[in-house]
Amino acid sequence: MPTRPVALRARGWGWRHAGRRAWALRGVDLDVAPGERVLLLGPSGAGKSTLLAACAGLLGPPTRTLTDGVHEHENGGQSVGELTLDGRPAALARVRDRVVAGQLSAATGLLLQDPDAQTVLARCGDDVAFGLENHAVPRHEIWPRVDEALSLVGFRQGRDHPTARLSGGERQRLALAGVLALRPGLLLLDEPTAMLDPDGVDLLRRSVSDVVEATGATLVVVEHRVAAWVDLVDRVVVLEAGGGVIADGPPADVLHRHGAALAARGVWVPAHLPAAPARRRSATAPALLSTQGLDVARPGSRQPAASDVDLQLHGGRAVAVTGPNGAGKSTLAHVVAGLVPPLHGGLVAHEPLARGLGPAPHRWKARDLAARIGTVFQEPQHQFVATTVRDELAVGPHRQRVGETELNARVDELLERLRLGHLARANPFTLSGGEQRRLSVATALATRPGLLVLDEPTFGQDSRTWAELVALLAELLEAGTGVLAVTHDRALVSALADDELVLAPSRRREPAGVS
Amino acid sequence: MSIAVADPRADSGLDLHAPIARTNPVAKLAASTVIALGLLISVDVVTAGVALALEALALPWCGVRPRALLRRGVIVVLGAVPAGVATAVFGEDSGSVLAALGPVSITSGSLLAGAAITLRIFAIGLPGVVLLSTTDPTDLADALAQVARLPARFTLAALASLRLFGLMAAEWRSLSLARRARGIGDSGPLGALRTALGQVFALLVLAIRRATVLATTMESRGFGSRRERTWARESRLHWRDGLLVAGALALTVLAVAAGVRAGTWNPVLS
């Protein structure tokens, strides 16, 4: 199924979002030849996603011209310079997609990072057909093209399989099939693996590799994880925030010259991976919590998500909980953290942790629980309750009636320690992914818990945030805090874990979400 | 992550090849609407009772087994029974007094009115439960757009957002757990109310964010352009569909005629 590959060209291109003073991108000069494969790197906030959206024609056509070559667009943003696909303005790409004699070939196809938000319909086949219907492809051609796209990405389920039962990796594969069915000449992938576990990353990378091989389409990938893509691309292009292209060339060459600088800005460069901090292990490790033959179930279910778990948590020691999606790792973390009652079996919080409250954390009052066990959720936004970063940090200590002076001291220390000082008045929901992660950890620490439970703390983080988190956790461990971390991240396990608990896949196959 | 909208094909209590289950969703919708309109005009035991009896006769062709019907129709029962009891107890008194306690009395008139209310809710609710149980949301959207000619933008956007509701249920659970983890939620009714409001707000923020990405996805696959679209799944009317609507019409006429004949017909608008 070869497509006609599209050439991309940018000259002095820039974009300013509606209502912003600074340009998200400016002075971008870039030539991508038909069939070329490019990895686009840069620190977060460098406008990589904006460039992809512009290529996909999603920023809309210009509506009027302001001074000196600046155009205003429908959505209120402004552009400067030129951005073309095969010599025609990218802003018009969507308008131009058309069916010629029943043969649709779209200029571009865009894949985004959130698998949950990219599934449109309830059945897999319908989801792939969706784009073809919108492009008015005749019915008798739709289904053959759906089947072709599904087999091209290596999708194993049938057309009728419900999309609700797909794992994150399968879901991204399906979204890729939906994009491919339109036979785009330029494939744009915007951090497609950021929200996938290692198996999912593998699955999707193989699909993309097969697809570009079979179609010959031009490929532009934005990613933080260089290792997954470097073998697949011909070129690496580095963007600087507001500064255009600062490096462009063969992967080995660019990574050699700019690897250290990129790594310092959070890009995962293979030769410059963050080092694990050295840690002194204390001689005494008081038992905090233990389980014996513990079964846990998701809320509202009587079916164990994980069963027969034996676990020992000690102050100053870290336990990593690993295992495939759907093995009940997050559920176990919620039970250990006292948020959900156990289904069967024993769970005992020992005196150094319970401090007079009895052995069952799920019976403790919320206020008392927060002072003893801190929980960091996989999705930081789930745990934000205040309107500013500063108030967010004060919520826990305030609930425990910590005095004003002590409270301010704690909050200031955390703001400083987690590089959030300049954001003290910002709304937590407006922070970047890395900042939100740091804030969510800080909120759990503000109440000085003896045990910290973290669910995928390093998930989707850039290397700089990763290194900071690991250093912070190592410090807490040295100070005697116990840590339980649910994770897929092997680097985190080897950097911190004293013990690893591997959960087996549950016998009954559950609809696997992003664990 | 479960989805709030039930997948009809995954339910063993359903037979989606049954003659009525198989009809076009728009025909099922029209049939339920005809029955509902006919029964809304009058509150009387005979009309509602005959309608319900005739519906029960049609049930074997609907593809919903009694147990599945009960499970899915529990909300109708929860509404119908208290409404009837309340009417019997507090409704306008007439006829002989059957029981009395202070100012509250049950008379033969109010008991009959209560029975009429309960029967009517059942008779209107039953076709609705069958419609919802045997209709896949995707098929409904296809039918609304292709048969009823509703705008595709509207039906497809509604269908896509339906999927997000399932995610919102899971998200709400996570938000509740996270609030307990933060030490919030055990400070009396006022505190609980404040926590709940904050949680609703957080849910909305998350939902809007996700919906924005979904909208981008749909747009990047050509949704929302002005040009005509095609349909991968054809939805059209069949002679069965006409039969179903005619049947619903006949059922309604018979029920009303029985009510008029028995002298209990009591149009609310006269």
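Reader: Let us begin with one pair: which residue does Ile373(A) stand opposite?

Author: Ile373(A) stands opposite Leu451(A), which belongs to β20(A). Strands here are DSSP runs of E of at least two residues and helices are runs of H or I of at least four, numbered from the N terminus.

Reader: Before going on, what kind of model is this, and how are residues and chains labelled?

Author: This is a predicted model, in which local features need pLDDT of at least 70, side-chain atom pairs count only at pLDDT 80 or more, and totals for chains, interfaces and linings use all residues. Residues are numbered from 1 along each chain as its sequence is written, while chains are lettered from A and ligands numbered from 1 in the order in which they are written.

Reader: Back to β19(A) and β20(A): over how many bridges do they pair?

Author: β19(A) and β20(A), residues 451-455, pair in the parallel sense over 4 bridges. Two strands count as paired if DSSP finds at least two bridges between them.

Reader: Which sheet has β19 and β20 in its order?

Author: An open sheet of 5 strands in chain A, with the order β19-β20-β21-β17-β22 and parallel pairing. At its edges are β19 (373-376) and β22 (499-502) of chain A, each pairing on one side only. On average, neighbouring strands are turned by 15° against each other, direction ignored.

Reader: Which strands does α9(A) touch on this sheet?

Author: Helix α9(A) touches β17 (318-322), β20 and β21 (482-486) of chain A, and its direction makes about 155° with that of β21(A). Contact here has C-beta atoms, placed from the backbone, within 7 Å; angles run from 0 to 180 degrees between N-to-C directions, along axes fitted to C-alpha atoms, for helices over the stretch in contact. Helix α14 (residues 433-445) of chain A packs on the sheet too, touching β19 and β20 at about 170° to the direction of β19(A).

Reader: What is the strand order of the antiparallel sheet in chain A?

Author: The order is β16-β15-β18, an open sheet of 3 strands. Its edge strands are β16 (304-314) and β18 (344-349) of chain A, and the twist averages 10° from one strand to the next. Helix α9 (residues 329-336) of chain A packs on this sheet, touching β15, β16 and β18, with its direction at about 130° to that of β15(A).

Reader: And β15 with β18, over how many bridges?

Author: Strand β15 (residues 287-297) of chain A pairs with β18(A) over 5 bridges. Within these strands, Leu289(A) stands opposite Ala349(A) of β18(A).

Reader: Changing topic, how many residues does each chain give to the contact between A and B?

Author: Chain A gives 57 residues and chain B gives 47 residues. The largest share of the side of chain A that touches chain B comes from α3(A), with 7 residues.

Reader: What about chain B itself: how many helices and strands does it have?

Author: Chain B has 9 helices and 2 strands. From the N terminus, its elements run α-α-α-α-β-β-α-α-α-α-α. The C-alpha atoms of chain B fill a box of roughly 65 × 60 × 40 Å along the principal axes.

Reader: What share of chain B is buried?

Author: Buried residues make up 38% of its 270 residues; buried means 20 or more other C-beta atoms within 10 Å of the residue's own, exposed 12 or fewer, and partly exposed in between, with C-beta atoms placed from the backbone.

How values were computed: Two residues are in contact if their C-beta atoms, placed from the backbone, lie within 7 Å.
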